[in-house]
Amino acid sequence: MALIEVKNLTKSYENDGVATSVLYGLNFKIEKGEFVAIMGPSGSGKSTLMHILGFLDKLTAGSYIFEGKDVSGLTDDELAEMRSNQVGFVFQAFNLLPRTTVLENVMLPLTYVKMDQAERIKKSKEALIAVGLEHRLNHFSNQLSGGEKQRVAIARSLVNNPAVIFADEPTGNLDSKSGLQVMRILQSLNEAGRTIILVTHEKYTADHARRILRVKDGLIIEDVEVAKRLFAKDGEELMK
Amino acid sequence: MNSNFLDTIKDNLKLASHSLLAQKTRSVLTILGISIGVAVVITILAAGRGLDKFIMSQLEIFGSDTLSIEVKIPNTKDTSTENAFGQATGVTITTLKNSDTDNVSKHPNIVAAYGWMIGQAVVTYQGQIKTVTLFGQGYNMPEVEKFSLSEGRMFTKEEEDSLSQIVVLGSVVKEKLFGDDIASGKTIYIKGKPFKVAGVSTKRGATFGMDMDNMIIVPTKTMQKRVLGIDYIHNIMAKMKDTSISKQTVEELNEIIRANHDITDPNKDDFTINTMAEAVSILGSVVSGITFLLVALVCISLVVGGVGIMNIMYVSVSERVFEIGLRKALGAKASDILWQFLLESILLTSIGGVVGVAMGALMALVVYFVAVSNNFNWVYSIPLFSILLSVGFSAFIGVLFGIYPARKAAALNPIEALRRE
């Protein structure tokens, strides 16, 4: 059973009675443990696709099957429930709360999960250890470098032990060295069995994944295994 | 209520205090708007309680078994403005006489009655010259109301009947004229005439606004003939034996005085009879009514404070659109966001309520000190219901005016909200 399966996925927006189509009947499957890059230029519809797959948005037509269940018609609260339990997000702009500590930022998704406070703290610390930031627990998010911010964001995406992590241009706001570090963490998480879906417009970044879904004008124009996969290692710099 | 719910409330309270502290000046000003309203509610209710106790203490002085016969302008109601205004502007009713007092005294349900009037005169003693209020009262006044002496004695019936120039001093007057010396047996001069001091009353406080300690009590008849040169009285005070027949007693006394005054039409009465219980009850209702009206007015200021809260909450939502989007992206339901902002609003108004209660308690204390220093028999008491009402109403304002901004926040689309960083 595929982790994600979309059939004829269509998305259009309606503004003042005028419908604008963004995605046109997409079909693909993503298995558990895959590292897939959704790649395409700006305006191709890749972010909209990620929003739908990440339960942030609803599709207009077609179906979305997640872990064997049709999730196409979920209500807003059910979508929130899925976001809380099944997915983690890493954003290009990090999206950490300012004037809030690293630990509190990582704990944020657990605020909406049934769990006692001690357990929340324990899990958040474990997630920070996984990204090598256990020494920054009580620092405020605005005291961190860009790379560290993104590592906190990865720890936050991990903390609820999601089935899949969505990373939307995670290296876009980082220098090469920090970008490499982030890609290395994502690759090692994937090695450990975590499903990663990376959204990027860069071929180089996409080549760190195992598979690339190329999106253009709302259509998937290519679905291929990465022939020469890149591995981020310490000491190297992420080329752009 | 599970521990997770409590944790969520705790988290949201922490978040709320976090964001309130991040905007200290704004939060303090918002809280102040509510606090002032609550403080005024507390002060008014505490003052109402003080006034109520004060009125009750007046009842204790006279007793609920006393009645008062006052002069009134004919064809007016005793509580009417024509009557009050007429008397205040110099209309003098001269028909209430000592013979009325005698007839009232003879009624079987009357224990004792005396006529009284008030005047003012220059009093001298050993070179000191004071203008003092003179209170013409009957020798039997202590039988009608609570009265005691700190030295000497009350003047007697014989002394009153023989128009003796004798007085009882109020404690303040005694203090002014004699200091710590004994006053009994000494002679003071009223309008240049010598009056012997029979005794000094103990401290009596203020009664219906009159400072009873800053007066000299002169026998009614002496006051009429030797001081004021009149033959009428202003009022008769009487004490009943049985209050259960007070209505009947009043009716009968009405008939007696009408007969004395040759009045056949009750509309032309030149007097009115009120029992003390009735007077206090009327006064009590007036105080309650005024208190209620004032509290209602102040509640409007709380509503205005609530509009301020609403404004601030809208600003807060606008400023934190990104945070709301992030929270929703990370799993928060619309209801979680609603609670977060609602709790923030409730926290603001509740703090305002608690601060307001403290401020109100202080203001009520100031009122208490002012009242006591003016010789009013006041109490300092903050009614528990006023605290519950104020804090409860504040929290309600928080819910009422916080709900719309909170709903706006809860309805935000996470994708659009995140784009607005």
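## Where the chains meet

Chain A gives 21 residues to the contact, and chain B gives 20 residues. Two residues are in contact if their C-beta atoms, placed from the backbone, lie within 7 Å. On the side of chain A that touches chain B, helix H2 (residues 76–85) of chain A has the largest share, five residues. Helices are DSSP runs (H or I, at least four residues), numbered from the N terminus.

This is a predicted model: local features need pLDDT of at least 70, side-chain atom pairs count only at pLDDT 80 or more, and totals for chains, interfaces and linings use all residues. Residues are numbered from 1 along each chain as its sequence is written, and chains are lettered from A in the order in which they are written.

## The nonpolar cores

The largest nonpolar core has 115 residues. Such a core is a set of buried Ala, Val, Leu, Ile, Met, Phe, Trp, Tyr and Cys residues joined through C-beta atoms within 7 Å. Buried means that 20 or more other C-beta atoms lie within 10 Å of a residue's own, with C-beta atoms placed from the backbone. A:Ile38, A:Val106, A:Ala155, A:Phe166 and A:Ile197 touch the most other members. Helix H12 (residues 334–373) of chain B supplies the largest share of this core, twelve residues.

## Two helices of chain B

Which residues of H10(B) meet H12(B)? They are B:Ile309, B:Met313 and B:Val317. Their partners in H12(B) are B:Phe341, B:Ser345, B:Leu348 and B:Thr349.

Notes: A residue is buried if 20 or more other C-beta atoms lie within 10 Å of its own, exposed if 12 or fewer, and partly exposed in between; C-beta atoms are placed from the backbone.
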